[in-house]
Amino acid sequence: MKISRLCWICNINIADTAEHALKKTDIVRAYGKGSYHNLGEKQPIHFKNGKQTKLQGANSDVIKNPKDLCK
Ligand SMILES: [Zn+2]
């Protein structure tokens, strides 16, 4: 089980949310809103540490940092 970290800003609450590593507005500008499933061959693919993941949408967890903030 993953140990929960504390929010790095308030240092009180459990970190239960994450900041975007890539800015959501940039992703939306490039690919639009909603699900990227039906973009077919144009569905964006995220590469990190040799792993590739099809991007499901601008709110996908793969483009966020690990959870380090409280909501
Ligand atoms: Zn906090």
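In what order do the elements of the chain run from the N terminus on? They run α-β-β, in a predicted model in which local features need pLDDT of at least 70, side-chain atom pairs count only at pLDDT 80 or more, and totals for chains, interfaces and linings use all residues. Residues are numbered from 1 along each chain as its sequence is written, and side-chain values use heavy atoms, with hydrogens and water left out.

**Figure 1. Overall form of the chain.** The secondary structure comes to one helix and two strands; helices (H or I, at least four residues) and strands (E, at least two) are DSSP runs, numbered from the N terminus. The chain is more spread out than a compact globule, because its radius of gyration is 14 Å, well over the 11 Å that the globule rule gives for 71 residues. This radius is taken over C-alpha atoms, and the rule is 2.2 Å times the number of residues to the power 0.38. Along the principal axes, the C-alpha atoms fill a box of roughly 45 × 25 × 15 Å.

**Figure 2. The largest nonpolar core.** Five residues form this core: Ile-27, Tyr-36, Leu-55, Ala-58 and Ile-63. A nonpolar core is a set of buried Ala, Val, Leu, Ile, Met, Phe, Trp, Tyr and Cys residues joined through side-chain atoms within 4.5 Å. Buried means under 20% relative accessible area, exposed over 50%, and partly exposed in between (1.4 Å probe, protein chains only). Of the 71 residues of the chain, 23% count as buried. Beyond its neighbours within four places in sequence, Leu-55 is in contact (heavy atoms within 4.5 Å) with residues including Ile-27, Tyr-36 and Ile-63. Gln-43, Pro-44 and Ile-45 are also among the contacts of Leu-55.

**Figure 3. Surroundings of His-20.** His-20 lies in the segment before helix H1 (24-31). At 25% relative accessibility, this residue counts as partly exposed. Although His-20 and Ile-63 are 43 residues apart along the chain, their C-alpha atoms are separated by 6.0 Å. Not counting residues up to four places away in sequence, His-20 touches Ala-58, Asn-59, Ile-63, Lys-64 and Asn-65.

**Figure 4. Surroundings of Lys-64.** Lys-64 lies in the segment after strand E2 (51-54). With 19% relative accessibility, Lys-64 counts as buried. Leaving aside neighbours within four places in sequence, Lys-64 is in contact with Ala-18, Glu-19, His-20, Ala-21 and Asn-59. For the chain, 54% of the contacts between residues at least 6 apart in sequence join residues at least 24 apart.
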